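Good morning, and thank you for coming. I shall present one model today and ask you to follow it on the screen as I speak.

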Amino acid sequence: MTAPAGVRTVLDTIVERKREEIARLPARTVTVEDLRAALKQRGSTRDFCGALLSPPVGPPALIAEVKKASPSAGVIRPDFDPVAVARTYEMGGAACLSVLTDEPFFQGHLEYLRRVRAAVRLPLLRKDFILDERQLLESVEWGADAVLLIVAILPQPRLQSLHDLAVRAGLSVLVEVHDETELERALALKPRLLGVNNRDLRTFQVDLGTTERLARRLQQLCPDPRRRPLLVAESGIHSRQDVERVRAAGADAILVGESLMRSADLPGRIRELMGLSG
Ligand SMILES: O=P(O)(O)OC[C@@H](O)[C@@H](O)c1c[nH]c2ccccc12
């Protein structure tokens with residue numbers, strides 16, 4: 001479901017604010033050599049894609065999200081300590097972490113990436129609204145191994161150039177879609193990682209049926225599993241049943257924020273979601 005044409009959505013507002021932020025970054029071009037040099041200076045890159053390869057049976061790989069607040073839920077965790085949460089996620093068995101860095105709408109910070117990186121060994125995704133090459137450089141400088149590209153906010157040529165630049169530099173890219181048209185645009189990039197967002201960023205409605213629908217479409221469009229991107233089911237996953245549902249649909253990995261961040265017993269909550277306890 002999309003918002004009626006002409007109605008301003010929160011996503012429009014977020015993108016507008018992001019453009020203002022980007023306009024304040026120093027004017028410069030960013031080449032693949034710049035990104036490689038920044039990665040080299042930083043030290044190692046952790047293999048985000050590789051960490052998501054889970055055995056075909058059993059629970060999907062978990063990308064656990066470090067998230068204080070969101071425009072749809074408000075403040076999720078008032079006593080937010082990103083480093084403590086990240087350490088608990090790691091001990092609980094997460095394969096990778098996602099760190100929100102958007103400040104105005106998610107109360108995230110780039111600084112959290114750096115602090116989390118120093119505290120855990122897991123690969124890190126920078127979760128933000130990326131529109132410009134300079135944000136790729138920023139992501140590397142602050143410690144990301146992977147970046148999110150949201151198809152809904154990027155015209156195809158820009159999506160393609162950001163994707164190729166990041167991949168050539170050695171970053172993993174999670175390409176996020178929400179409907180069939182976006183899925184086809186994403187597949188034109190030959191991505192290794194495809195995210196299906198169950199939340200419509202325009203209306204905030206959540207429907208796990210989105211993963212089921214788009215996973216079926218993906219299997220039609222890429223019948224050969226060896227050529228298919230890894231499928232990440234994103235958002236709105238709250239229970240063991242939800243995990244089983246998206247797993248049965250074909251998800252290789254799940255991205256979970258809110259239902260973990262709301263829990264007072266994080267390790268227990270992870271075990272419960274992943275089916276590792278009664
Ligand atoms: O908190 P949830 O419902 O478990 O969702 C996590 C993650 O999927 C969500 O934060 C997200 C998915 N895509 C995004 C794009 C921008 C901001 C946030 C997101």
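The mean pLDDT of the chain is 95, and 97% of its residues reach 70 or more; pLDDT is the predictor's confidence in each residue, on a scale from 0 to 100. Where pLDDT is low, the predicted coordinates should not be read in detail. The model also scores ipTM 0.99 and pTM 0.97.

This is a predicted model, in which local features need pLDDT of at least 70 and side-chain atom pairs count only at pLDDT 80 or more, while totals for chains, interfaces and linings use all residues. Residues are numbered from 1 along each chain as its sequence is written.

A UniProt record, an unreviewed entry, lists residues 11-273 as "domain: Indole-3-glycerol phosphate synthase"; such annotations may be inferred rather than shown by experiment. Over residues 11-273, the chain is 44% helix and 17% strand, and the end C-alpha atoms are 29 Å apart. Helices (H or I, at least four residues) and strands (E, at least two) are DSSP runs, numbered from the N terminus.

How do the strands close into a barrel? There are 8 of them, in the order 1-4-5-6-7-8-9-10, with parallel pairing; two strands pair if DSSP finds at least two bridges between them. From one strand to the next, the twist averages 25°, taken between lines fitted to C-alpha atoms, with angles from 0 to 180 degrees between N-to-C directions. As an example, strand 7 (residues 172-177) is joined to strand 8 (residues 193-197) by 4 bridges, and valine 175 has leucine 194 in strand 8 as its bridge partner.

Next, the ligand. It is surrounded by 15 residues, the closest being Glu234, Ser235, Leu255, Gly257 and Glu258; a residue is near a molecule if its C-beta atom, placed from the backbone, lies within 6 Å of it. Strand 10 (253-256) and helix 11 (258-261) each give two or more residues to this shell.

Finally, two loop residues. Most residues other than glycine have a negative phi. Lysine 190, however, has a positive phi of about 50°, and it lies in the loop between helix 8 (180-187) and strand 8. Lysine 190 counts as partly exposed because it has 13 C-beta neighbours inside 10 Å; buried requires 20 or more other C-beta atoms within 10 Å, exposed 12 or fewer, and partly exposed lies in between. Phenylalanine 204, in the loop between strand 8 and helix 9 (209-221), has a positive phi of about 70°.
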